[in-house]
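Let's take a walk through this structure together. Have a look at it first, and then we'll go from the whole fold down to a single residue.

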Amino acid sequence: MTQQFWPLGLIPLLPLGGVLFALFGGRRGGRRAVNVVAPGVVGLAFAVSVWSLARLVSLPAGGALRFAAWRWIAAGPFHVEMALRFDALTAIMCLVVTGVGALIHVYSVGYMGHDEDYARFFTYMNLFTASMLILVLADNLVVMFVGWEGVGLCSYLLIAFWYTNPEYAYNGRKAFIVNRVGDAGFLLGIFTIVYALARGGVWTVTFAGMSHQAALLQPYATAAALLLFLGATGKSAQIPLYVWLPDAMVGPTPVSALIHAATMVTAGVYMVTRLGFLFTLAPAALTVVAVVGAVTAFFAATIAMVQTDIKRVLAYSTISQIGYMMLGAGVGAFSAGIFHLMTHAFFKALLFLCAGAIIHELDGEQEMGRMGGLRGSMPITWLTMLTAALAISGIPPFAGYFSKDQILEATFASGHPTLWLIGVITAGLTAFYIFRLIILTFYGESRVEPSKAAHLHDAPAVMTVPLIVLALLSVGGGWVGLPRGFLWGEAFNRFLAPVVIPPGAELATPGSGLALVMIAIPIVGVAAAVVCYAQMPGLPVLVAYKARLLDSLLRHKYYVDELYNAVIARPLFWVAAYVLHRGVDGAVIDGLVNGTGLTLLEGGEELRRTESGNVQHYALLYLCGALGIGAYYLYRVVIR
Amino acid sequence: MSFALTILVFVPLLGAGALMLLPDDDEVVWRSAFIFSLVPLALSLYLLVAFEPGRADYQFVEHYAWIPQFGISYHLGIDGISLFLVILTTVLITLSLLYSGGGDIAMRAREFCFLVLVLETGLLGALLALDLILFYVFWEVMLVPMYFLIGIWGHGRKLYATFKFVLFTMFGSLLMLVAMLYLAAAAHARLDNLTFDLPALYRVPLSATEARWLFAGFAIAFAIKVPVWPVHTWLPDAHTEAPTAGSVILAGIMLKMGTYGFLRFAIPLFPVVAVEAAPWFLALAVVGIIYGALVAMVQPDLKRLIAYSSVSHLGFVMLGIFALDPTGVDGAVYQMLNHGLSTGALFLLVGMLYLRRHTREIADFGGLWKSIPVYAAIFMFIMLSSIGLPGLNGFVGEFLVLLGTFLKFRLAVYFAVIGVILGALYMMWAYERVMWGPITHAVNATLADLTAREIAVMVPLIALILFMGLYPRPLLRRIEPSVAGVINRVDAAVAMQAEAQAPVPLARRPAPSRMLARQ
């Protein structure tokens, strides 16, 4: 049952209003006005989302709210409406985006308190929030693509926020271009779906409409799903298109928290889940999703173990965690993937904001080698970040445990023991690298530069309150998805079930003996980190020396950036500059043209030397000559 | 019978004549020229209001005998395909004049305005003419003022550029003229009706070979104008060396004469050949998309980069046209308008920069956002339109073109999307080098941001870009029926030909006995 509900339009329009205010009134209205309006509109959008949720739960299960604004594109039989749709899946995404988003906006008020470009910053942040909301609220694929490219644009603008640094500017563009590769896949995916449906005379791109056309979609499902998944690997930073995310860390840290951890990068997972009806028609594509997810999770975690820049550790951690979500979706456990998406949004936003608090306090220092011992001077940051670390490690009863556990159990139950094993090992690596980070920053001797060490303290309340709220969510956020049999067991899955589980499929199987393994492994990881970095600091150095090759491979991130540059970027530039521009355009085509036209041109140049006006006469003569020839032909043909 | 179209076409010419009577004061000349250009703008908007959507045929038709001995008539009409191109023309001419008076054209203002207004008559006439000879006259009339605009007010190797431009175009025009004459002669011989009237010529019976040769005559002329790879090399020279207003009109409107010509003349006149030739044109379009983007990427000159980007963008238009699918052709017509707006705006922006720094070398800039943020922000917006960001105009056209092509020729689209990626790459790379990074040349720190006049030039373009991105319905609704008319014509011709060629199955033949019975 679908009910019309116009306030849905307010959810993206409120942040868009914030964009206009910050853009045109930001300078005039002053810092204080922007500081109120920018977080305020996101907060209001959160309130409207809650209102919509209240309306949604009053409908029978499987219901949705809808708001069609106007008929957008229509050409030939193809037509798309600018329409929004709010069902259980959208509800969760909306609450996460606006809820976590509002907290990060509040935090940013403190973080950007000294930056004179605050108006531009909040313009981009609000625009990002609006785009992300359009993405999750979209009623059809094309409107989704509006949000999809919109978040890519904002990411580009925010990574390059401090644009005077050429490296930052480059990283911003890199993010956009890599995402565009994915977007091209997304576009082709849309076209494939339209093509498949059009063969049966059906013209629709709405999610509701497409999901009833399994028979028509079936022959093209694998192609469409794989193309769309290419788009997902771009936005969600999965192999092979993950390379932009680590470089995105040069943006202001609240950006990393909002865009590159909590929201935009989850868009791919959301898209795969939203199109679950299509992916389940293509088991091969679904397997690709699962394998890419698991491999990315492992691969990124290994890199995270050796990074020394605190934000880069978190960046690779994000890639790795999104790998888990993809794994969940790939084995058909869509709601488990979304569950992890939500808990991850809490604890990863928290990790980044805590890192931001430290970086802010240390005047932009991001190297963990120049941190250490911050526990005493920044107790709130320490406690909240520790909470987040426990949550991401998957230690019960923190939020991450429940969601990661669900994904791994579903993986095992779906008959992918290898992927399960990769996931479990990665869970150990996760606990290891995150506690390595905690120990290097908060414990041990202080390695902070003496000039900065004197005045260290926690951030002001405008920044710590969001930390505390997110810490509470990182603890309790997972309890909505308790395993079956406990209290309100699987409430989260039951809420999502009508939307994401294709009819006929079963909910994920309940826990088994494997659950013990999944509790034990993270604890081993934490212990290993404690041994290596607190007890025997010489050990990691020794290991790195003994396994020099591996260490270098990891430090250079498997040389993937170098590979892409050597295989794609540089040859492309070389071909464009030397083969096409100088060769084909310059030598071949113009060579031919100048060969035939040379005499005329030289005649022109000669005339120019004697009297400049004659060049024009010459052209007129030429024109008259042409008309003369034309007249002659006319005469010949007609009169005969 | 209304005279709206005749007035529209010749009012600019009247204005050009009136300029000659004005006192010798540049400021008066600029103001008057701007005001003269507002008249056709207002008339074209009147046409938009009075135009009946949902009709595929020509409206506001005027049809008189002109040179009846040769079957040449004065036949004007407007339909959904030409309507918005006409408005684009009047808008861009007005903005070009407004901009050029702000310092871009420093000498011979009167001659400059005169030529621009004459050019407007040529452009509007070519878009509205429905008689082949009338079209040809306007087509050639366009060429002369543009020749002088580049030759007199241009930069650098302007003479080389003008000659290349004229030579390429004339070569094509002559072939087209021959084809026109042959076609009229065939009408005379086979229908006993000597005529150059476009609708009448649809009915001329032609052999397959004849149709192929005639199609080639038209197609080469239009392909050069578009320009289709590999006959594009006149474009970067002409666009780069032209004065700003010249580049705006050249890229914004004149290139569309090529694509418009395909839709108005080449395809409807020779539909069967068009279908045969479609795969070849699609291939050339895809090559143009990728090739143009790659070559644009490596240009050190900002204006030349934008010039090459036209090769890529017009490739998308050609792709949509030769998909011969209603969705694709709608998108192609829309994309013509988009390219006119965004590339026109980009040339204006480069002109503003040149006016301040007297250089267009990308390496001479860097960090401009710091010194001229309003300029940089507007440039960003136009760039996003150009790379087809959803929500802005470029996306609607690009999406429809690619979708329509996909429905007919999937393979072409798999290659064409590479252009979507490269399009973002070359624009953003250039943007990054010009606007971002540190200020490397001290003079760039002291540049003045946009003047009120320059902002006034850009605001209408920004508004149109937003409107066309968010609410394309009013345009598509008027474009669609006329496009459907062209497609139906093609489909019908192909079906008829298939019927004529197919061996009649035995079962359908009338049985001999019945034939006897009937006798």
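Among the contacts in chain B with a separation of 6 or more, what percentage comes from residues 24 or more positions apart? In this predicted model, such residues account for 81% of those contacts in chain B.

Stay with chain B for a moment. Its make-up is 20 helices and 2 strands. The C-alpha trace spans about 100 × 55 × 40 Å along the principal axes of chain B. A compact globule of 519 residues would have a radius of gyration near 24 Å, so the 24 Å found for chain B agrees with that. Of those 519 residues, 66% count as buried. As for charge, chain B carries 31 positive and 31 negative side chains, and the centres of the two sets lie 6 Å apart.

Now hop over to chain A, starting with confidence. Its mean pLDDT is 85, and 90% of its residues reach 70 or more. Residues 602–615 of chain A are another story: there the pLDDT is below 50, although the stretch has 11 contacts in the model beyond near neighbours in sequence.

Finally, zoom in on A:Met326, which lies in helix H14, residues 310–330 of chain A. A:Met326 counts as buried because its relative accessibility is 0%. Leaving aside neighbours within four places in sequence, A:Met326 is in contact with residues including A:Phe229, A:Gln238, A:Val272 and A:Gly293. From A:Met326 to A:Gly337 is 11 residues in sequence and 6.8 Å in space, C-alpha to C-alpha.

Conventions
Residues numbered from 1 in each chain as written. Chains lettered and ligands numbered in written order. Predicted model: local features only at pLDDT ≥ 70, side-chain atom pairs only at ≥ 80, totals over all residues. Heavy atoms only, no water. Helix = DSSP H or I, 4+ residues; strand = E, 2+ residues; numbered from the N terminus. Rg over C-alpha atoms; globule rule 2.2 N^0.38 Å. Buried < 20%, exposed > 50% of the residue type's maximum accessible area, 1.4 Å probe, protein only. Contact = heavy atoms within 4.5 Å. Lys, Arg positive; Asp, Glu negative; His and termini not counted. Charge placed at Lys NZ, Arg CZ, Asp CG, Glu CD. pLDDT = per-residue confidence, 0-100.
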